[in-house]
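Let's walk through this model together, starting at the surface and working towards the inside. Keep the structure open beside the text as you read.

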Amino acid sequence: MISRSTFQFNSIKLSYFFLLSFFVFIVSCSKDSDGNSDKEVVACFNIVKDTLYFNETLQIENCSQNAVSYTYRVAGFDVTLEELATMQFSPGNKMITMGAYGENGETDLLQADFQQKEFYVKEEADSYFFPDEFLGSRRLLKFDRHPFTNEMYAIYVDFNDLKYYYAAISEDLEFTLIEINTGYSDYGYRALCDFQDDGTIYIDMPFRYTNAIIRQRHIVNIETGLSPLTNLDLLSYDFDVGYTTLNNKAYAFGANFTSEPRKYVPAINTLVSGETETIKEFDFGDKSGVIGNLTPFRDGFLAFAGAFDFASDGLVSNATTRLLELDAEFNLVNSQELDALGEATIGSLGTMSAPYHMVKLPNDNILLYGLNTLRILDSNLAIIHAEALPGFTDQSHLILDDHIYLSATNYLYKYSFDGTRLAELKVRQNGMRGIVPYKNGLIFMAELNDLFAGGNKEVLTGIVDKDLKLLPLK
């Protein structure tokens, strides 16, 4: 016979047993529902490309099992997956290690596994194309496509003999050179081109002096293969920033110099056979200014302009940008000073002759890009996106497949029409000179040295897909 006390004790043990069994059941159900904690963690990843071009990013595919968190160590650095997506590497063999962890976290070594793989980063010289024509002492002034022939071209200077060349470039990246003669011992830093449908090209090259911009003009005919020599058109102080054709009429825009008071006056000029004639100047009060670009808008035009203080030593300061709304006769209707975004606040006069880009996008938004700033306006001229970008003298733009491609001092960028940045590529150089469509992607040219310094210049050519990933060379 079981005593009452023994029965009570056994009942308590039974209750504890059922309670413990229930707890174990609940825990196991909880673990089974996660499907992780009672299974072995396996770290697994694949490298999409184990040989990378210089500046190409590493892409991996995760095939791990039963893991809830991961760590990555690449080339000796602990990085996040987000950092890995943009990380760029020096040339050579590299190692990447993945750590995969179960639900108890990194402190539970029993729930951790690691996998390690190698990849290789090519030398820079093996990742870009260095044209023979650009080896040695060269400065690239312009790279673009001819608007009539669609042929790529480059304009550059040889420092050794101070000769300038127009290079027609085939799709196979073969160069046909036409020499441009100059009478100056200084170096031009930009090239402005006005193309004629008969094959004639008027090329203006600004030369920056202490307190002036002096412009040289040259005529090239790529059909005859000769460069007819012309009298140099020297326009001391006055200068153009760019040329455009609107309603079958060619225009130049820039600034005219006045000595009393000493300032630059923004100006729009007609352009006929390479010769300019001022048709409209604008008063910026005490400020000097320059018209940077011109585009049709409603029943008139928009002008993208810079305003700045100009000193006797040729320096400019306190730069801002303005948007001028003009009627059909270029009379000023409205002037809007854009909020400061990091425009060049001090610099030489050459800075103020930097390219300005103003483009009406297919969705009627307006792209404004210049003086190291990017803005996108809606059709009512309200700013919907604004950001500062590095560099302000060499930028270029391209509208392709409903996207905006921009080059800055050492970057290529891809944006949507509303200003969302979709991709970028960093390039080790100081003088991006152009980006144009090429086969199924894009091609760009850039310098690897200081833009205004003398000496040798390495000019590289890079080919990328439309997501700015480097592609095989020619």
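This is a predicted model: local features need pLDDT of at least 70, side-chain atom pairs count only at pLDDT 80 or more; totals for chains, interfaces and linings use all residues.

A residue is called exposed when its relative accessible area is over 50%, buried when that area is under 20%, and partly exposed in between.

Aspartate 78 pairs with arginine 73 in a salt bridge, where the closest N and O atoms lie 2.9 Å apart. Arginine 73, with a relative accessible area of 40%, is partly exposed.

Glutamate 56 and lysine 49 join their side chains in a salt bridge, 2.8 Å from N to O. Glutamate 56 has a relative accessibility of 7%, and therefore counts as buried. Lysine 49, at 34%, is partly exposed.

Which residue forms a salt bridge with aspartate 401? The partner is lysine 466, and the closest N and O atoms of the two are 2.5 Å apart. This pair ties together distant parts of the chain, 65 residues apart: aspartate 401 belongs to the loop between strand E28 (396–400) and strand E29 (403–407), while lysine 466 sits in the segment after strand E34 (459–464). Both ends are partly exposed, aspartate 401 with a relative accessible area of 43% and lysine 466 with 30%.

In soluble globular proteins, nonpolar side chains tend to be buried together. Here the largest nonpolar core has 22 residues, and Ile366 and Leu368 have the most contacts inside it. Several strands supply at least two residues each, among them E15 (239–246), E16 (249–259), E19 (288–297), E21 (315–326), E24 (356–360) and E25 (366–370). Strand E20 gives the most, with four residues.

Zoom in on isoleucine 366 to see its surroundings. Leaving aside residues up to four places away in sequence, isoleucine 366 touches Phe297, Leu302, Met358, Val359, Arg375, Ile376, Leu377, Asp378 and Leu381. Apart from this core lies another, of 20 residues, including Tyr53, Tyr128, Phe444 and Leu468.

Technical notes:
Residues are numbered from 1 along each chain as its sequence is written. Side-chain values use heavy atoms; hydrogens and water are left out. A nonpolar core is a set of buried Ala, Val, Leu, Ile, Met, Phe, Trp, Tyr and Cys residues joined through side-chain atoms within 4.5 Å. Buried means under 20% relative accessible area, exposed over 50%, partly exposed in between (1.4 Å probe, protein chains only). Contact means heavy atoms within 4.5 Å. A salt bridge is a side-chain nitrogen of Lys or Arg within 4 Å of a carboxyl oxygen of Asp or Glu.
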